[in-house]
Amino acid sequence: MDNPLERWAENTHRFPRLAKLSRSYLAIPATSTPSERVFSLAGNTVTRQRSSLLPSHVDALVFLNANQKSGKVDVIVEDSE
């Protein structure tokens with residue numbers, strides 16, 4: 001039940017670069033917030049009117065919606081005539 005941050009603090013002189021890297025990654029708290037956010041987004045996407053959507057279409061809608069809000073994806077809607 002050792003604390004990994006304390007262990008790397010003690011061994012900083014032996015492995016300075018690895019100790020710095022370990023502080024960056026070991027300091028990240030474990031959380032389920034991102035996955036809960038996706039489930040919430042999926043719940044808002046699949047409504048009564050959309051209950052007959054194929055699972056692949058729901059996946060695509062959730063993906064596009066999540067990434068459009070973060071600015072990672074530009075969604076262009078084209079009119080089909």
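Let me begin with a question: is L21 buried, partly exposed or exposed? L21 has a relative accessible area of 43%, and it is therefore partly exposed. The terms are defined as follows: buried means under 20% relative accessible area, exposed means over 50%, and partly exposed lies in between, with a 1.4 Å probe and protein chains only.

A word on the basis of these values. This is a predicted model, in which local features need pLDDT of at least 70 and side-chain atom pairs count only at pLDDT 80 or more, while totals for chains, interfaces and linings use all residues. Residues are numbered from 1 along each chain as its sequence is written, and side-chain values use heavy atoms, with hydrogens and water left out.

Now the overall arrangement. The protein chain contains four helices and zero strands, and from the N terminus on its elements run α-α-α-α. Helices (H or I, at least four residues) and strands (E, at least two) are DSSP runs, numbered from the N terminus. Of the 81 residues of the protein chain, 10% count as buried. The protein chain exposes about 7500 Å², of which carbon and sulfur atoms supply 55%; accessible areas come from the Shrake-Rupley method with a 1.4 Å probe, and for residues only the protein chains shown count as cover.

I return to L21, which lies in helix 2. L21 belongs to a nonpolar surface patch with F15, L18, Y25 and I28, and together these residues have about 520 Å² of accessible area. Patches are made of residues with over 30% relative accessible area and no salt bridge, with like charges joined within 9 Å and nonpolar side chains (Val, Leu, Ile, Met, Phe, Trp, Tyr) within 5 Å. A salt bridge, in turn, is a side-chain nitrogen of Lys or Arg within 4 Å of a carboxyl oxygen of Asp or Glu.

L18 counts as partly exposed because its relative accessibility is 42%. The C-alpha atom of L18 is 8.5 Å from that of W8, ten residues apart along the chain.

W8 is partly exposed, at 22% relative accessible area, and F15 is partly exposed at 36%.

R23, in helix 2, has its C-alpha atom 7.8 Å from that of W8, 15 residues apart along the chain. R23 touches L5 and T12, leaving aside residues up to four places away in sequence; contact means heavy atoms within 4.5 Å. At 41% relative accessible area, R23 is partly exposed.

Let us turn to the loop between helix 1 (4-10) and helix 2, where N11 is placed. N11 counts as buried because its relative accessibility is 17%. A polar atom of the N11 side chain lies 3.0 Å from the backbone oxygen of R7.

T45 is in helix 3, residues 33-45, and counts as buried at 5% relative accessibility. Not counting residues up to four places away in sequence, T45 touches R50, L61, V62 and N65. A66 is in helix 4, residues 55-70, and is partly exposed at 31% relative accessible area. The C-alpha atoms of A66 and A42 are 9.6 Å apart, with the residues 24 apart along the chain.

Technical notes:
A polar contact is a pair of N or O atoms within 3.5 Å; within protein, one must be able to donate a hydrogen and the other to accept it, and residues adjacent in sequence count only if both atoms are side-chain atoms.
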